[in-house]
Amino acid sequence: MSTDTDPERIIGEFYSEFPYPWHAERLTAPDDPGLYPALLAQELGDFTHRRIPRDARVWVPGCGVNQALIVALRFPDAQVVGSDVSADSLELCRTAARQVGADNLTLREEGISDTAHRDAFDYVVCTGVIHHHPDPGLLLGRLAAALRPAGVLELMVYNAHHRREITSFQEALRLLGCAGDLAAAKRLAGALNRPSALTRQLREDLGEPEEQFADTWLNPCERNFTVHTLDRLAAAAGLALEAPCATPLAAGLGLDDWCPPFADGQLARRAEALDDVDRWRLTQALTVDRSPLLWFYLRRRDNPWPLLGERDRDELFLDSVVAPVTARERVWLRGRSGGYRPLDRTLPLLPGPAARTDLHEAADGRRTVRELTASWPEPPSGDALRRLRLGLTVPAAPYLRAATAG
Ligand SMILES: C[S@@+](CC[C@H](N)C(=O)[O-])C[C@H]1O[C@@H](n2cnc3c(N)ncnc32)[C@H](O)[C@@H]1O
């Protein structure tokens with residue numbers, strides 16, 4: 001039962017005052033319902049596309065304003081449940097879902113700690129949520145219990161190296177008796193008169209939309225992680241880190257590259273010999289404030305699929321026959337009046353200039369990536385191979401699809 005100190009009630013009220021994030025400017029849905037299950041399987045190293053069922057059961061706890069709808073549109077044959085403690089965020093999501101006609105989405109007002117799902121979901125997406133609870137391990141235990149044995153959890157938690165100034169400022173606001181007070185936070189940000197990383201970062205963020213500023217600087221509760229502490233939290237919940245998740249947000253911030261940040265051959269070989277978790281720890285230790293977002297896929301320890309390493313996934317990619325994605329996207333744009341309106345045509349999914357378009361253009365559904373790249377002056381290997389795979393074959397870069405399965 002809720003009491004005055006119930007952390008889920010407090011966070012629910014906070015996110016009802018500042019629903020997060022603001023509405024997406026555009027929503028999209030592929031015209032091929034199998035596309036995103038296949039791309040998600042590919043990111044996990046399954047180029048046969050058997051790991052994620054098209055009619056998956058999906059849960060998006062702490063879905064906020066957009067996320068459950070974005071997932072429901074990407075997985076149109078799935079049954080998607082979105083849940084949140086903020087009634088206002090859910091209402092905004094419900095209205096948008098009605099406007100785009102997403103009928104595979106159910107929304108529930110509930111805290112994760114109140115859920116009791118068992119072996120229920122193939123895919124759980126929980127980003128930016130469990131770190132807002134004083135006991136994130138309790139919530140992670142609920143998510144782990146909800147996963148089917150072969151299921152996958154997409155999880156993002158705060159990276160401690162990104163949050164030093166932010167948690168300091170939150171503490172200062174608490175000491176001044178102004179926790180959660182947006183006007184006081186802005187006044188304080190403007191009044192600080194000694195230059196520091198804190199003042200610089202705060203002033204930059206004053207130009208952000210209010211919800212963004214509040215989400216960052218005013219949060220009533222946050223816990224931060226390193227790869228090591230997240231790995232331990234996962235283990236305590238019966239989970240293991242499986243793979244980093246590529247996301248447009250991380251790419252846009254330049255905080256997405258888990259390859260160790262040095263080129264020395266001898267040391268690079270040592271780094272490559274580490275197991276994945278230790279190599280990610282190494283990268284975080286050496287990139288500190290520029291280390292990647294802690295956005296990972298996790299799996300139950302009893303998952304029947306073999307646990308692949310990053311190197312295994314790279315090799316499987318090299319040996320897969322690939323073809324350009326032919327699916328097109330339906331698009332809705334958010335108008336001035338606030339509603340979503342469909343575009344009158346579908347759009348192709350084409351890689352931007354940052355991707356290796358030469359591989360995309362050469363992919364013919366007959367040859368493997370190894371064959372397609374054999375004649376390149378430097379056939380991809382190591383970190384370059386990993387970046388090639390992640391730049392073309394995953395949900396965040398939906399451009400190449402293995403041709404070995406439908
Ligand atoms: C930073 S927002 C992230 C929203 C969404 N996951 C995304 O990435 O766009 C955090 C959301 O989680 C919700 N939330 C926080 N703690 C929760 C909990 N224990 N149970 C359910 N929802 C929670 C908040 O109300 C808020 O909508």
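Predicted model: local features only at pLDDT ≥ 70, side-chain atom pairs only at ≥ 80, totals over all residues.
Trainee: What makes Glu8 one of the residues that come nearest to the ligand, and which others are named with it?

Mentor: Of the 20 residues around the ligand, Glu8, Gly62, Gln67, Asp84 and Thr127 come nearest. For Glu8, a polar side-chain atom lies 2.6 Å from a nitrogen atom of the ligand. The protein backbone takes part as well: a polar backbone atom of Ile112 is 3.0 Å from a ligand nitrogen, and a polar backbone atom of Val85 is 3.4 Å from a ligand nitrogen. The limit for a polar contact is 3.5 Å between N or O atoms, so distances within that limit qualify.

Trainee: How much of the ligand does the protein bury?

Mentor: The ligand taken alone exposes 590 Å², and the protein buries 94% of that area.

Trainee: What classes of residue make up the shell around the ligand, and which helix gives the largest share?

Mentor: The shell has nine nonpolar, seven polar and four charged residues. Helix H1, residues 7–17, contributes the largest share, with three residues.

Trainee: How do you know on which side of helix H8 the buried residues lie?

Mentor: In H8, residues 197–205, the buried residues are Thr199, Leu202 and Asp205. Seen down the axis of H8, they fall within an arc of 135°, so they line one face of the helix. Arg200 and Glu204 are exposed on the other side of H8. The buried residues of H8 pack against H6, helix H7 (182–191) and helix H9 (210–217).

Trainee: What makes Ser196 a cap of H8?

Mentor: A side-chain oxygen of Ser196 lies 3.1 Å from the backbone nitrogen of Leu198, at the N-terminal end of H8.

Trainee: Which residues of helix H17 are buried, and what puts them on the same side?

Mentor: Leu385, Arg386, Leu388 and Arg389 are buried in H17, residues 382–390. They cover an arc of only 160° around the axis, which puts them on the same side of H17. The elements that cover these buried residues include helix H2 (35–43), helix H12 (265–273) and strand E13 (393–394).

Trainee: Why is Arg281 called partly exposed?

Mentor: Its relative accessibility is 34%. Buried means under 20% and exposed over 50%, so Arg281 falls in between and counts as partly exposed. Arg281 is found in helix H13. Not counting residues up to four places away in sequence, Arg281 touches Val227 and His228. The C-alpha atoms of Arg281 and Trp258 are separated by 9.2 Å, although these residues are 23 apart along the chain.

Trainee: What makes the backbone at His49 and Val288 worth noting?

Mentor: Most residues other than glycine have a negative phi. Phi of His49 is near 65°, a positive value, and Val288 has a positive phi of about 40°. His49 is found in the loop between H2 and strand E2 (57–61). At 13% relative accessibility, under the 20% limit, His49 counts as buried. Val288 has its place in the loop between H13 and strand E8 (294–300). At 37%, Val288 lies between the 20% and 50% limits and is therefore partly exposed.

Trainee: Where does His162 lie, and why is it called buried?

Mentor: His162 lies in the loop between strand E6 (147–157) and H6. Its relative accessibility is 17%, and buried means under 20%, so the term applies. Among the residues that His162 touches, beyond those up to four places away in sequence, are Gln201, Leu255 and Val288.

Trainee: Which peptide bond is cis, and what is its omega?

Mentor: The peptide bond from Tyr20 to Pro21 is cis, with omega near -15°. Most peptide bonds are trans. Pro21 is placed in the loop between H1 and strand E1 (26–30).

Note on methods. Residues numbered from 1 in each chain as written. Heavy atoms only, no water. Near = heavy atom within 4 Å. Polar contact = N/O pair within 3.5 Å; in protein donor to acceptor, adjacent residues only side chain to side chain. Areas by Shrake-Rupley, 256 points an atom, 1.4 Å probe, with all protein chains shown as cover. Helix = DSSP H or I, 4+ residues; strand = E, 2+ residues; numbered from the N terminus. Nonpolar A, V, L, I, M, F, W, Y, C, P; charged D, E, K, R; others polar. Buried < 20%, exposed > 50% of the residue type's maximum accessible area, 1.4 Å probe, protein only. Arc of directions from axis to C-beta. Contact = heavy atoms within 4.5 Å.
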